[in-house]
Amino acid sequence: MKVDVLLGLQWGDEGKGKIVDVLAPNYDIVARFQGGPNAGHTLEFEGQKYVLRSIPSGVFQDGKINVIGNGATLDPALFKAEVEALEGSGHCLTDRLYISKKAHLILPTHRLLDAAYEAQKGNEKIGTTGKGIGPAYTDKVSRNGLRIGDLDHQFEEKYRNAVARHETLLRQMNFEYDLASLEKEWFEGIETVKRFQRIDSDHFFHKALAENKKILAEGAQGTMLDIDFGSYPFVTSSNTICAGACTGLGVPPSKIGEVFGVFKAYCTRVGSGPFPTELSDATGQLLRDRGREYGSVTGRPRRCGWIDLVALRYAIQIDGVTQLMMMKSDILDTFDTIKACVAYEIEEQEIEDFPFEINESVKPIYVELDGWKTDMTKMQSEEEFPEEFNAYLSFLEENLGINIKIVSVGPDREQTIIRYNNL
């Protein structure tokens, strides 16, 4: 048995949570392999809307085990709020959610450091969500981090040593803060964490594979935010690409099966960083309004633009994508003309490969296609697709070299059309 991986192919917010929810009935285990509570996965079904920050999106399926893997980071305070919201709406988590002992904890002082570092950058801010993920991963790499497994091994001493080290840094930056209130919520969250089974996740996954359990690895954020391969330095602190599933769960590359790549029919980005196809005009605002493009965790308005096939081809290549899923097709229903970026112009040269660095000098080269001017939200099969939409699908498949297996025509799980019928 193999581990299938589901990833975002753009700058995050592609709609991964919905697809995990659609695919989860086919799996025994759903696992998050990186990221933290800065990444919100939104799911809508049966008239309810849910936003998951750290908990895998398979949690709504009865009989499925969900795992927060070793590559993820966990803020106990935010985790507590997430658990309470889900349990308050009638979803029992105790028997279906496990946490890796090797997952790293986000401390209250990590959040303070995040704010302090961002304030120091001034106009060169990265656009962090302020959730402490970056400083937590920094401690992980510098071998100073606290892990879930430390809760049972001299935790109080390790915690106080870490806080003392962080407070020294905060004083050096002359950053004013109130740690007491953050600590109160955080330690209450620790008690919530202790309610859940804490596992040696690497052994857990190897045993599950040996027992022919079907596993879906759920990525957070998007490929273009990967710490190594994204639009550095405007990236996240973890490996969001397919390879991150191996290090984030403890499974070997030979055990990776299908790679599901999720992308929007257009493109968005949150925070700072390059965005060649960004539209800072009425068209961009229309995309934002129609797509409800506001961060599910932060509430920040997302920057919007046309689809970027240069970046998308690059993401497909480094992730080894085997199946594509296109989200928010219905958001383009009202446009007379749809544009797609097929190449960049850099210093008067046409470039089709994603370059080392992209900045404001990069100009997108567009192809224009006819819009379909049809409400697709009630459609239930591809036989109902308008001719112009089929032309858009064919154009994308030809340029990307992979078939689009799922088309989403609305936020609800029922508004999902599966093509080719081989999922």
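These legends walk through several close-up views of a predicted model. Local features are described only where pLDDT is at least 70, and side-chain atom pairs count only at pLDDT 80 or more, while totals for chains, interfaces and linings use all residues. Residues are numbered from 1 along each chain as its sequence is written, and side-chain values use heavy atoms, with hydrogens and water left out.

**View 1. Strand β15 is tucked inside.** Helices (H or I, at least four residues) and strands (E, at least two) are DSSP runs, numbered from the N terminus. Look at β15, residues 323–327: 5 of its 5 residues are buried, so the rest of the structure largely encloses this strand. Buried here means under 20% relative accessible area, exposed means over 50%, and partly exposed is in between (1.4 Å probe, protein chains only). In a regular strand, side chains alternate between the two faces of the sheet. In β15, Q323, M325 and M327 sit on one side, L324 and M326 on the other, and both faces are covered.

**View 2. β15 has parallel partners.** Two strands pair if DSSP finds at least two bridges between them. Strand β11 (residues 256–264) runs parallel to β15, and 5 bridges join them. One of the bridge pairs is K264 with M327 of β15. Strand β19 (residues 404–408) also runs parallel to β15, this time with 3 bridges. Here M326 has V407 of β19 as its bridge partner.

**View 3. Helix α10, from start to finish.** At the start of the helix, a side-chain oxygen of D308 comes to within 3.0 Å of the backbone nitrogen of V310. That's a polar contact (a pair of N or O atoms within 3.5 Å; within protein, one must be able to donate a hydrogen and the other to accept it, and residues adjacent in sequence count only if both atoms are side-chain atoms). After α10 comes G320, with a positive phi near 65°.

**View 4. Helices α2 and α6 cross.** Helix α2 (residues 76–88) packs against helix α6 (residues 179–193) at an angle of about 60°, with the axes 7 Å apart. That makes α2 oblique to α6. Axes are lines fitted to C-alpha atoms, for helices over the stretch in contact, and angles run from 0 to 180 degrees between N-to-C directions. Under 35 degrees counts as roughly parallel, over 145 as roughly antiparallel, 65 to 115 as roughly perpendicular, and the rest as oblique. Residues making the contact include F79 and V83 of α2 and W186 and I190 of α6. Contact means heavy atoms within 4.5 Å.

**View 5. G69 is a hidden glycine in a loop.** Find G69 in the loop between β5 (65–68) and β6 (73–74). G69 is buried, with a relative accessible area of 0%. Not counting residues up to four places away in sequence, G69 touches R32, S100, A103, G248 and L249. The C-alpha atoms of G69 and A245 are 9.2 Å apart, although 176 residues separate them along the chain.

View 6. Y232 and P233 are joined by a cis peptide bond, with omega about 5°. P233 lies in the loop between β10 (215–218) and α8 (243–249). R143 isn't a glycine, yet its phi is positive, near 65°. R143 is exposed, at 73% relative accessible area. E347, also not a glycine, has a positive phi near 50°, and it sits in the loop between β16 (337–346) and β17 (349–351).
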